[in-house]
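Here is a short briefing to read alongside the model. Have the viewer open and follow the topics in turn.

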Amino acid sequence: MKNTLLFFLLLLSGLNGMLRAQDNNRYMSMMFLNIEEGNAATNNYQFYADMIPAAKAIGCNSVYVTVRWDITKCPSFECLTNPNVASDWRHVDNVIAKATQEGIQKIALRIQLGVNNAFGNNRSGFIYGGEQYEMKDYYGNPYSQGYNNRMFSLAHQPTVDKAKNFVTEVTQRYKYLQDQGKLLFISISMTDTQEGQYPPFAIYDYSDYMRDAFSNWHLAQYGTTAQPPVNFDNESGRRWYI
């Protein structure tokens with residue numbers, strides 16, 4: 001898990017270091033959550049792009065675009081019937097194209113690694129194997145708030161690697177924004193909520209993968225194995241939270 005967080009921090013630090021000159025301007029962004037899902041017939045993704053002129057009119061000089069792992073790799077749940085479905089980047093590309101057309105100065109990207117399983121569809125199963133690799137609460141149930149988004153366990157390395165590969169794919173695809181001096185920043189989120197990515201409760205992962213990882217970490221640090229605590233007010237609880 002520490003290696004995963006370090007990867008993300010190094011990635012963002014590297015992108016920041018690539019800036020050609022310090023930018024002292026201030027930016028106000030409209031944030032596009034990309035909750036709506038489009039398809040080839042209706043092209044719903046244009047809905048967000050069409051909001052940009054109004055955003056500019058009220059003073060926004062940048063846009064903050066959510067790049068969703070789930071609808072990129074499994075647009076409109078099509079992967080459930082066609083495992084070879086092509087990646088769909090329109091929810092990002094349409095907004096960037098319209099922002100450029102309207103003279104918006106900067107583009108910020110928010111890579112969202114939570115996976116939406118709305119209407120009982122197992123899209124997380126296609127992307128990384130589903131419930132068995134997801135974060136669990138104390139009772140063994142996957143976290144699933146708001147939009148029925150799921151979070152993978154940071155202790156399951158194969159899924160972490162898949163997520164890292166998608167982050168790399170996004171940064172490579174939109175590197176031209178950095179080359180043109182238009183990239184404001186990139187953030188990465190994975191919680192099961194959307195707005196701001198701040199869940200209304202503390203998240204603890206009680207999946208089997210995290211339980212084993214915690215026990216192994218505790219053995220290496222303190223010489224004894226341990227199970228994740230229930231009481232978070234004592235020393236053991238503080239170790240689990242960190």
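Asn34 is buried in this predicted model, with a relative accessible area of 0%. Asn34 sits in the loop between β1 and α2 (46-49), and its backbone is worth a look: phi is positive, at about 55°, although the residue is not a glycine.

- You will find Phe77 in the loop between α4 (69-73) and α5.
- Phe77 has a relative accessibility of 14%, and it counts as buried because the cut-off for that class is under 20%.

**The sheet**
- Four strands form an open sheet, and they are arranged in the order β1-β2-β3-β6 with parallel pairing.
- The edges are taken by β1 (29-32) and β6 (183-189); each has a single partner strand, so one side of each has no neighbour in the sheet.
- On average, neighbouring strands of this sheet are turned by 15° against each other, with direction ignored.

**The pairing of β1 and β2**
- Strand β2 (residues 62-68) pairs with β1 in the parallel sense, over four bridges.
- If you want a place to start tracing this pairing, go to Ser29, whose bridge partner in β2 is Ser62.

**A helix across the strands**
- Helix α5 (residues 90-101) lies across β1, β2 and β3 (106-112).
- The direction of α5 is at about 165° to β2.

Conventions. Residues are numbered from 1 along each chain as its sequence is written. This is a predicted model: local features need pLDDT of at least 70, side-chain atom pairs count only at pLDDT 80 or more; totals for chains, interfaces and linings use all residues. Side-chain values use heavy atoms; hydrogens and water are left out. Two strands pair if DSSP finds at least two bridges between them. Helices (H or I, at least four residues) and strands (E, at least two) are DSSP runs, numbered from the N terminus. Axes are lines fitted to C-alpha atoms, for helices over the stretch in contact, and angles run from 0 to 180 degrees between N-to-C directions. Contact means heavy atoms within 4.5 Å. Buried means under 20% relative accessible area, exposed over 50%, partly exposed in between (1.4 Å probe, protein chains only).
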